2 protein chains.
Amino acid sequence: MLIKFDFNNMMERTLGEKGFSDAQLNEIAPAAKTAFDRFAAKRGSGMTGWADLPYNQDDIVADIVATAARARKEFDNFVVLGIGGSALGPIAVFTALCHFRYNDLPAEKRGGPKFFVEDNVDPERMLALLDVVDVRRTLFNVVTKSGATSETMSQYLIISDILKKAIGDGWQKHIVATTSESKGNLIKLARKEGFKTFFIPDGVGGRFSELCPVGLFPAAMLGIDIAGLLKGAADIDKACSSSDMFRNSALMAAALQFLAMKGGKNISVMMPYADSLKFMADWYCQLWAESLGKAVDLDGNTVNAGQTPVKSLGVTDQHSQVQLYTEGPFDKVITIIGVEKFRGDVVIADGAEEFPDVNFLCGHTMGELINTERRATEYALTRSRHMNNTITLPEINAETVGQLLMFFQLQTAYCGEMLNVDTFNQPGVEEGKNATYALFERKGYEAKRAELDAAPAKLDKYII
Amino acid sequence: MLIKFDFNNMMERTLGEKGFSDAQLNEIAPAAKTAFDRFAAKRGSGMTGWADLPYNQDDIVADIVATAARARKEFDNFVVLGIGGSALGPIAVFTALCHFRYNDLPAEKRGGPKFFVEDNVDPERMLALLDVVDVRRTLFNVVTKSGATSETMSQYLIISDILKKAIGDGWQKHIVATTSESKGNLIKLARKEGFKTFFIPDGVGGRFSELCPVGLFPAAMLGIDIAGLLKGAADIDKACSSSDMFRNSALMAAALQFLAMKGGKNISVMMPYADSLKFMADWYCQLWAESLGKAVDLDGNTVNAGQTPVKSLGVTDQHSQVQLYTEGPFDKVITIIGVEKFRGDVVIADGAEEFPDVNFLCGHTMGELINTERRATEYALTRSRHMNNTITLPEINAETVGQLLMFFQLQTAYCGEMLNVDTFNQPGVEEGKNATYALFERKGYEAKRAELDAAPAKLDKYII
């Protein structure tokens, strides 16, 4: 049961001159093949260690499952302290695979701790968390590869201080550290304090980390079948083993977006038609934005590449964004994610006999309604000549979610090769970090501070 | 205490050739004045009734407050059934002004019912809701002006059927209908069943409805100061009463986005640096997308206008989107929303003495950290010559949230005038609705069904 990628509505057959021709596809196929080959050549080395994760973690999975089984009984709350990929992946998989109102369920129905992901440094939010969790009954998973992430380390310092005061001896049992095995602050702290640790492999960056312990441990804490996630990832990876884009869905998806970007489509909308997949779109947005948004290419040319990802939700955003998608500029590609069979359904009851504009719904199910609206939106987008494609999951389970994660990772890697950028770095994040250091007067950042101080003061006439 | 709009970093003084010159601003000022005058001329009439909402609701507010005071004691759960503006406004104001972990608080601390907004027709989500709320202890607020919104009416039919079976006589006391007073299905149902009703004025469309009972009743149910919301809206409205854009922040904001669009910037990022304002960005995204995304202008010319709004969150998305914002294409305007003073703060404890890359944070607060990172991101964006501006709230309270809502509504109305589009309709939503009707074989949609059936079948070669 593999996910399917349907790009009928990217083509001139349905879009007319707004679509791609078969000739255009054939023209781009050699570049796609080159991208595949280039990625295949580096696969597993450097920062592409994520590609091996479906295959090389048997012992790690066993450790995670055993640790989680114990901790699920021991704690009432499980809190991830992390930001970026360390948060977006766990949130996406949790939302996809757990009960939609998980935290509102009674403990016995939940079968595990309540779940919170803290991925910001808003003080009001931290205070709110402390209002609702008893730290003595809470396990914190601190996730940062370097142990130098300001946001996560601030949270760690605050929480460890509270734990020490509330618990005293043994507070360390409330922390699991997920970090680099070989370097950084957090591994040193973990060794000193004796925290349980899981390791982030060197070749796995934040946005490609969901299938390593960064994502697997939180998933296991939530009772999710992590072996299933990895099996799904392996399945789609094997299905995408051809350098012929007509036989490799992730490569075709990359090539189509590449062509669309070249044609001026600088926006990629990700629109799942399932509430449970809402945060897969958030996870995708980081992957796509950080990987492809690059000032220079691998040859040092200034390119200011990148396509802006937009998260959307069907049917909800039909009442928010689809007006723009159908009538607005031809500047975007809309990727719909559909689900063939939901995990439950609800019949729409009678009671609108006198209202023909409502009564036609009665006797149908919500599952029929959401999927019919999905088809209708696809039709409306196509009729207005706006490029769209659809990824279909036969159903939502650990394996298909694992497939989806790996599909997008592969698509991103291939597209990065086609754009000739470094898909795996994020140099643009440094400037803001350095400015933060300077503003906090961190030692060694005096020059940056001087630069900030020398920036022109704001003009009052530009403030209303 | 008014919100401030700072557009220093839209200008060539800080952005060089990537910014606007004073001459460009002066050139556009007459068009902005015309937009102001055109909107002023129609204000309160047609679909601009929303502009009067801060001033004409004394009796309605009294009714809402009294109704909510009773219902807050009577029910354990409060559920909004609505979609689009009927959901986005209530969610935005709830998140801005209630405890960040409101539903996780014990009932006595919460002081009112748990809160749920159901704005989709995903069957799994409906089943999940029914797992966690006892309908016998739940008030449902059904919100649809026409009473013909498929999603909301489906929910209504499902819920009213369950209520009848669970409660029998008196089930009607569990429903409050917010709808048109004069037309549509829901008012007829409400009159027949005797539901408590609140009315949506004729001149108030979904995305401009937060300050009418659509938003005010849910806010009052949550204990929010709705008079404060309206006072804030009135305050900024009065502060934006000049046709001179240099003295009208919403008009200046509209003119700058208009200029940016003309310069090819087809993306508007809304990036609050406060978790509580995260969903203000969602609300803004509907407002901006549906209002300005139009195929034709008021003279009937095909324009495919519109700027794609993107929601972002600081500091969180510094680890997801800012790489793209600083290094990617010059295709966007980033609007940061900052908060001067948070409603609480947390000191970052010591414990990193041996790690200089973390220790510099110790002794500072999370409030300082989030605001310093906000300044640092502003600096990084500006240094990389990407247009950005900042809206600052002195603090987050009902009045400043009311200001923000009205500010964006005015900005949108002015910008619609400058683009010469109908800001208040949404014709592009109809095609999808009609296709849904046709697929469900609703009577009267036979021609549309035939059209759908005549569309070319999907080609297998375009599915992998």
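1. Domain bounds in this note come from an automatic or database domain assignment. On that basis, chain A is divided into domain 1 (4-43 + 230-419), domain 2 (50-227) and domain 3 (430-462).

2. The model is predicted: local features need pLDDT of at least 70, side-chain atom pairs count only at pLDDT 80 or more, and totals for chains, interfaces and linings use all residues. Residues are numbered from 1 along each chain as its sequence is written, while chains are lettered from A and ligands numbered from 1 in the order in which they are written.

3. In chain A, the C-alpha centres of domain 1 and domain 2 lie 30 Å apart. Contact here requires that the C-beta atoms of two residues, placed from the backbone, lie within 7 Å. By this criterion, 24 residues of domain 1 of chain A are in contact with 24 residues of domain 2 of chain A. The largest share of the domain 1 side, 9 residues, comes from α12(A). Helices (H or I, at least four residues) and strands (E, at least two) are DSSP runs, numbered from the N terminus.

4. The contact between the chains takes 124 residues from chain B and 124 residues from chain A. On the side of chain B that touches chain A, the largest share, 12 residues, is supplied by helix α15 (residues 366-383) of chain B.

5. Which residues of α3(B) are buried? They are B:Ile64, B:Ala68 and B:Ala71. Buried residues have 20 or more other C-beta atoms within 10 Å of their own, exposed ones 12 or fewer, and partly exposed ones a number in between, with C-beta atoms placed from the backbone. Seen down the axis of α3(B), the buried residues fall within an arc of 70°, so they line one face of the helix; the arc is that of the directions from the helix axis to the C-beta atoms. On the other side of α3(B), the exposed residues include B:Asp58, B:Arg70 and B:Lys73.

6. In chain B, strands β1 (residues 4-6) and β10 (residues 388-395) run antiparallel and are joined by 3 bridges; strands pair if DSSP finds at least two bridges between them. B:Asp6 has B:Thr390 of β10(B) as its bridge partner. Strand β9 (residues 332-341) of chain B pairs with β10(B) in the parallel sense over 7 bridges, and B:Lys341 stands opposite B:Glu395 in β10(B).
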